[in-house]
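Hi,

Here is the structure I said I would pass on.

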Amino acid sequence: MSFVEQYRALARYNSWMNDKLYALAATLDEADRTRDVGAFFGSLHGTLAHVLWADRIWLWRFTKDPDVGLSRDRDGNPIQIGMHDQVLYADFDTLRREREKTDRHIEAWVGGFTEETLAGPIAYSSMNGGARAHPLWQAVTHFFNHQTHHRGQATTLFMQLGHDPGITDFMVFLWERQNQQPT
């Protein structure tokens, strides 16, 4: 399997997991979703919002396309993206809609990968302004790893709130897709 195929599978897995987690989060009342339970980003909503925030920062670094990487308010005006604990969308329905839109962008972006582009360089400034440059594949690996890390935190928060998120394994995702089993 090539890096290209691996990243395409990870992009589909990202969408699958986000669909599952947001569907479960939609069954919670706002008080449970937003309650500060001492997690790194306070609440379940804060954790989900952080992943969207980070995905958009990275998508902008990867593509330089403001329609892909930047966030906008209800009137379409750009939102200045700040630090890692910023909640871009306090309203859950808006957060969910923006997550779905971003996941479509991720899948489309990854769909254009070649082995050559992944081996090529990426250069950007870190959040503290430091210059960074390395092969693109390293940043893409971090991108997908970061999502998985924080979704793991979200599944723990669901369990603490008394809601089982179900199986989240990448291998189950692959098996279900190969065997066309409902998720």
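**Helix α3 and what surrounds it**

Helix α3 covers residues 44-63, so to speak a run of 20 residues, and it reaches 29 Å from first C-alpha to last, close to the 28 Å expected at 1.5 Å a residue. Keep in mind that this is a predicted model. Most of α3 is covered, with 18 of its 20 residues buried.

Both ends of the helix gave me something to note. Just after α3 comes K64, which takes a positive phi of about 60°.

**The cores**

The largest nonpolar core has 24 residues, and the members that touch the most others are A25, L44, L48, L95 and F158. Four helices each supply at least two residues of this core: α1 (3-25), α3, α5 (92-111) and α7 (136-160). What does L95 touch, leaving out residues up to four places away in sequence? The list is Y22, H45, L48, A49, L52 and Y89. There is also a second, separate core of 19 residues, and V4, L59, F113 and F144 are among them.

**The β3-β4 hairpin**

Strands β3 (residues 121-125) and β4 (residues 131-135) run antiparallel and are joined by five bridges. The two form a hairpin with five residues between them, and G129 in the turn has a positive phi of about 90°. Two pairings to look for: I122 has H134 in β4 as its bridge partner, and A123 stands opposite A133 in β4.

Which residues of β3 are on its covered face, and which on the uncovered one? I122 and Y124 make up the covered face, while P121, A123 and S125 lie on the uncovered one.

**The chain as a whole**

Stepping back, the protein chain has eight helices and four strands. Along the sequence they follow the pattern α-α-α-α-β-β-α-α-β-β-α-α. Of the 183 residues in the protein chain, 44% count as buried. As for contacts with a separation of 6 or more, 67% are accounted for by residues 24 or more positions apart. The accessible surface of the protein chain comes to about 9600 Å², and carbon and sulfur atoms hold 53% of that.

Over to you!

Key. Residues numbered from 1 in each chain as written. Predicted model: local features only at pLDDT ≥ 70, side-chain atom pairs only at ≥ 80, totals over all residues. Heavy atoms only, no water. Expected span 1.5 Å × (residues − 1). Buried < 20%, exposed > 50% of the residue type's maximum accessible area, 1.4 Å probe, protein only. Core = buried A, V, L, I, M, F, W, Y, C linked by side-chain atoms within 4.5 Å. Contact = heavy atoms within 4.5 Å. Pairing = 2+ DSSP bridges. Areas by Shrake-Rupley, 256 points an atom, 1.4 Å probe, with all protein chains shown as cover.
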